[in-house]
Amino acid sequence: MRTVFIIAKREFRLFFVSPAAYSVSVMIFLILGGIFFINIYFGLRGGQIAPDGRMVISPLVTILLFATPAITMRLLADEQRMGTIELLLTSPVRIWELVVGKWLGATGFMMLILGVTWIYPIIIHRMTNPGIDQGVLIAAYLGLVFMISAMLAIGTFISSLFNNPIPAFFITLTLMLFLWIIGGLGSGSGTASEIASNLSFVAHYYDNLYRGVIDLGDLVYYMSLTIISLFLGTQVLESRRWR
Amino acid sequence: MIKVEGLTKFYGDFPAIQDLTFNAKRGEILGFLGPNAAGKTTTMRILAGYMPPSSGSVRIAGFDVLEESLEVRRRIGYLPETVPLYPEMSIWEYLEYMGSLRKVDNLDKRIDAVIDEVNLGDRERSYIGNLSKGLRQRVGLAQALIHQPEVLILDEPTIGLDPAQIIEVRELIQGLGQERTILLSTHILTEAQQICDRVIIINKGRMVAEDTPENLQSQIAGATKIIVRASSETRELVELIETMPQKMDVIAGDSEGEVMISAAPGLDIRPLLARKILDAGLDLLELRTTGISLEEIFLQLTQSEDKDEGEE
């Protein structure tokens, strides 16, 4: 595991010199800040909306849909484009350690961003009396942690398929949108709807976790997506060596 | 230290290398010589554990490169043809990263030592993105040496360097070769001649010769060449020498009255030649032997291979 952490640490630090990572962070905080200000200034003060720590979470989830492909697009594609993967794979590094290390570094960075967004619920909590329901907030954030991890793992897998970050971005985004909208098909009845509902990124989050209900099935869903994606990423890199 | 047997690699249907077999001893600098697209980089990559062969086996320091890949990778230092580096990192940060991946003990001290070894002392905090090609090559060499490997695999280590840098890198490799086995690929013949203890020549993925540069010169080229210049016309001189009973090839030289002679190995015909020319009433202006260069051997081997293939 030491190798995983060495790779993750480098990846995490790289985000602080990466223009793409800064752009993503600025986009997240500008949009969330704007939404938060409007909610507080016009909604909460006028009594039109109830104090709720989750008022930034819904927009955050939508932003993440676009932000995570931008974060993951270069993870493995850049290593392949620059040829640095040749040195990594001729040093005593296993392919899975490389893939997991890259994913972990990106997850660390996104968790940092997620941690900073915690400031909004704190502000609401201090502005209102008796404050907000922190149980619901914790469940919603826990769900975000799992969901972001899965999104980043999917992005890492897609990044392993390309030598160029741009196609990696668009394919990841397309796949995310598919997992997003497939939830809409789950509103009917029948096996197909049930499958669609079970595959949906949105349903697993909004049906329980967002409402404060921690259902093991939802966490298992995100964990399965994470593990399968990282496994596929490892297999892709392994297969490239044999070509 | 390196044992390669029947190594073959196909890219689809195209055979990049076929049935390569060779060994390298501890402390030996083995040159891998061949024209572009001969299969040098493919061989280097397989030996470094980056890609598997289609068939054949490679053992490095007693470990199989396919079955015990991690053990092999712990023992080798590898410099690819195009040195891939992270431009956003400083030299120090980069070596720290590569050293940590290789679990080097006392890493800080080791980085200092290797930076001195490759002569990067005053640039250790410079960003890699700002370095010249020569300096990048040295950083690549430093990462290959950071863990003090038993085997160094260097793919065209002097490509793209200026003449002064080439001399520096060659001297560095010669120094390193005293303690470890080095496998070095190059298409520069003088480089192989200068720094390698033994040379393997490959062409179109097949080995065409293997020996020390000196033995290749004497065995493959056969005889030494003799240059003779006399006070006569070239044609007349050629005819005169051809009347001698000894078997030899005589061709006209670069200037009037000059001929080049290739005789069978082990036969020194210089006294006979001198007598023949003087007996014919000519003045002998020059008589000297010249060794055949590795370049000529290389062309002879690779061209005869191409010719054989054409005939088939």
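A: What follows describes the sheet, then the helices beside it, and then the nonpolar cores.

In this predicted model, chain B contains an open sheet of four strands, which are ordered β12-β13-β11-β14 and pair in an antiparallel way. At the edges of this sheet are β12, residues 248-252, and β14, residues 284-290, both of chain B, and each of them pairs on one side only. From one strand to the next, the twist averages 20 degrees.

Looking at one pairing in detail, β12(B) runs antiparallel to β13 of chain B, residues 258-263, and five bridges join the two strands. Among the residues involved is Val250(B), whose bridge partner in β13(B) is Ile261(B).

Two helices of chain B can be described together with these strands. Helix α9 of chain B, residues 234-242, lies across β11 (225-230), β12 and β13 of chain B, and runs at about 25 degrees to β13(B). Helix α10 of chain B, residues 270-279, lies across β11, β13 and β14 of chain B, and its direction is at about 160 degrees to β14(B).

Turning to the nonpolar cores, the largest has 149 residues, and the members that touch the most others are Leu144(A), Phe201(A), Tyr205(A), Phe22(B), Leu47(B) and Tyr94(B). The helix that gives the most to this core is α8 of chain A, residues 134-160, with 13 residues. Apart from this core lies another, of 17 residues, which include Leu237(B), Leu240(B), Ile241(B) and Met244(B). In soluble globular proteins, nonpolar side chains tend to be buried together.

Terms used: Residues are numbered from 1 along each chain as its sequence is written. Chains are lettered from A and ligands numbered from 1 in the order in which they are written. This is a predicted model: local features need pLDDT of at least 70, side-chain atom pairs count only at pLDDT 80 or more; totals for chains, interfaces and linings use all residues. Side-chain values use heavy atoms; hydrogens and water are left out. Two strands pair if DSSP finds at least two bridges between them. Axes are lines fitted to C-alpha atoms, for helices over the stretch in contact, and angles run from 0 to 180 degrees between N-to-C directions. Contact means heavy atoms within 4.5 Å. A nonpolar core is a set of buried Ala, Val, Leu, Ile, Met, Phe, Trp, Tyr and Cys residues joined through side-chain atoms within 4.5 Å. Buried means under 20% relative accessible area, exposed over 50%, partly exposed in between (1.4 Å probe, protein chains only).
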